[in-house]
Amino acid sequence: MGTILAWLIVLLNFILQGTLFQYFSIFGVVPNTTLVIIVCFALFSDKNKGAIYGFVIGIMHDMLYGQALGVYALIYMLTGYFIGLINRKVFKDNLIISFFITAIATFFYILVNITLIYVLRHDIALSDLPILSIIIQVLYNSIISIFVYLYVFKLYKKRILKF
């Protein structure tokens, strides 16, 4: 039941991210709640499950919103793996942890995206990077992660949600 609930949360997130969350943009930046959910799930699982959640959610994201199959699967899988790698070393009762880990994960997500754009031979100059949008994205995701993490933490602690 707990695993099914986790996948229902993922499915609900995809519906909301494609519809309702588009109206909550700040300077054109929409929160990446998919990344936030991967961070929260990976904090309560191990590196392998974090990678699996990241990969499956990433493939779903690629099929729904992506332009190339596998790009988001790779990024989210790596994110889930690395966060799952450190999950035993973080104190899970502190909400600030989710804020900082989501900030780092969002920065990693943006950095890998920019690297992939560069590797695929698209011309991109450092001066063209939307620095303000990157800062807003990092802060926006981090603030939302506090609420998502709190919800996931309560479900996990009551053993309603399993990974």
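**Exercise 1.** Determine whether Phe-44 is buried or exposed in this predicted model, and classify Tyr-149 likewise.

Solution. Phe-44 has a relative accessible area of 6%. Buried means under 20%, so Phe-44 is buried. Tyr-149, at 1% relative accessibility, also counts as buried.

**Exercise 2.** Classify the geometry of the ring pair Tyr-76 and Tyr-109 and state which helices the pair connects.

Solution. The ring centres of Tyr-76 and Tyr-109 lie 5.9 Å apart, and the planes meet at 10 degrees. Centres within 6.5 Å make a pair, and planes under 30 degrees apart count as stacked; the pair is therefore stacked. Next, Tyr-76 is located in helix 4 (residues 71-86) and Tyr-109 in helix 5 (residues 95-119). The pair thus ties together parts 33 residues apart in sequence. Both tyrosines, Tyr-76 and Tyr-109, are buried.

**Exercise 3.** State how many aromatic pairs the whole structure holds, and describe the one formed by Phe-44 and Tyr-149.

Solution. In one of them, Phe-44 and Tyr-149 are stacked, at 5.4 Å centre to centre with 20 degrees between the planes. Phe-44 sits in the loop between helix 2 (33-43) and helix 3 (47-64), whereas Tyr-149 belongs to helix 6 (residues 131-157), 105 residues apart. Ring pairs also join Phe-44 and Tyr-149 with Phe-153 and Tyr-156 in a cluster.

**Exercise 4.** Relate the UniProt "transmembrane region" annotation for residues 95-119 to the model.

Solution. The unreviewed UniProt entry lists several such regions, including residues 95-119. In the model, residues 95-119 are 100% helix and 0% strand, with the end C-alpha atoms 36 Å apart.

Definitions and conventions
Residues are numbered from 1 along each chain as its sequence is written. This is a predicted model: local features need pLDDT of at least 70, side-chain atom pairs count only at pLDDT 80 or more; totals for chains, interfaces and linings use all residues. Side-chain values use heavy atoms; hydrogens and water are left out. Rings of Phe, Tyr and Trp (its six-membered ring) pair if their centres lie within 6.5 Å; planes under 30 degrees apart count as stacked, over 60 as edge-to-face and the rest as tilted. Helices (H or I, at least four residues) and strands (E, at least two) are DSSP runs, numbered from the N terminus. Buried means under 20% relative accessible area, exposed over 50%, partly exposed in between (1.4 Å probe, protein chains only). UniProt positions are given in the numbering used here, feature names are shortened, and annotations may be inferred rather than shown by experiment.
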